[in-house]
Amino acid sequence: MDPERVIDLFLFAIPALITGIIAYYFFKEHTKNEDGRRRFVLKKDLQVSALPLRLQAYERMALFLERIKPSHLLTRVAPISSDKDSYESLLIQNIEQEFEHNLSQQIYISDKCWSIINAAKNATIQLIRKASLLEKTDTANKLREVVLTEMMERRSPSDAALSYIKEEVSELW
């Protein structure tokens with residue numbers, strides 16, 4: 001083959017090669033941008049459908065916290081007998097049942113929020129157990145009185161957790 005012909009062939013191939021490389025990078029970027037746009041639209045659609053579920057989970061956990069608030073719990077769950085130990089067990093069992101009923105809500109709320117709710121539940125149970133261990137607490141009605149008096153002096157664990165839920169929900173907007 002003639003060297004001039006090779007040089008001519010090479011000169012014709014260079015623009016085609018440059019055009020091919022530019023087209024490759026252009027289509028690569030275009031495909032990448034389209035993929036990103038599709039992901040964004042899909043994520044946005046998922047958020048629109050998931051937001052009501054998340055809000056419902058926060059509502060249910062707020063209701064749970066209100067139901068285990070000692071002042072509400074003690075008025076809702078009356079003692080069956082005057083035995084303080086059976087009443088203590090009944091109160092704790094009621095809290096645990098409420099909690100188990102709402103276990104599935106943890107997938108819709110943040111880990112920190114779930115931990116705070118769990119801590120509020122455990123603190124409420126501890127409050128009841130400590131009140132039951134006091135010497136002056138000898139009947140179920142006395143247990144109710146001691147717990148309610150304790151709640152008048154300080155904020156309930158449910159109130160702190162409820163405040164955190166409200167804060168977290170306000171961040172959704």
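The expected span of a helix is 1.5 Å times one less than its number of residues. Keep that in mind for helix H1. This is a predicted model.

H1 has 66 residues, and from its first C-alpha to its last it reaches 92 Å, close to the 98 Å expected. There is a kink of about 35 degrees at alanine 50, shortly before proline 52.

UniProt, in an unreviewed entry, lists residues 6-27 as a transmembrane region. In the model that segment is 100% helix, with its end C-alpha atoms 31 Å apart. Ile7, Phe10, Leu11, Ile14, Ile18 and Ile22 make a nonpolar surface patch of about 590 Å². Further along H1, aspartate 35 and arginine 39 sit 4 residues apart, about one turn of the helix. They form a salt bridge, with the closest N and O atoms 3.4 Å apart. Aspartate 35 is partly exposed at 32% relative accessibility, and arginine 39 is exposed at 57%. The buried residues of H1 include Ala57, Tyr58, Met61 and Phe64.

Now the salt bridges elsewhere. The whole structure has 8 of them. Glutamate 96 and lysine 121 meet at 3.3 Å, N to O. That pair links distant parts of the chain, helix H3 and helix H4, 25 residues apart. Glutamate 96, at 26%, is partly exposed.

In helix H5, glutamate 145 and lysine 142 are 3 residues apart, and they also form a salt bridge, at 3.3 Å. Last, Glu66, Lys69 and Asp159 are linked in a salt-bridge network.

Conventions
Residues numbered from 1 in each chain as written. Predicted model: local features only at pLDDT ≥ 70, side-chain atom pairs only at ≥ 80, totals over all residues. Heavy atoms only, no water. Patch = residues over 30% accessible without salt bridge, like charges linked within 9 Å, V, L, I, M, F, W, Y side chains within 5 Å. Areas by Shrake-Rupley, 256 points an atom, 1.4 Å probe, with all protein chains shown as cover. Salt bridge = Lys/Arg side-chain N within 4 Å of Asp/Glu carboxyl O. UniProt positions renumbered as here; feature names shortened; annotations may be inferred. Helix = DSSP H or I, 4+ residues; strand = E, 2+ residues; numbered from the N terminus. Bend = angle between axes of the 7 residues up to and from the residue. Buried < 20%, exposed > 50% of the residue type's maximum accessible area, 1.4 Å probe, protein only.
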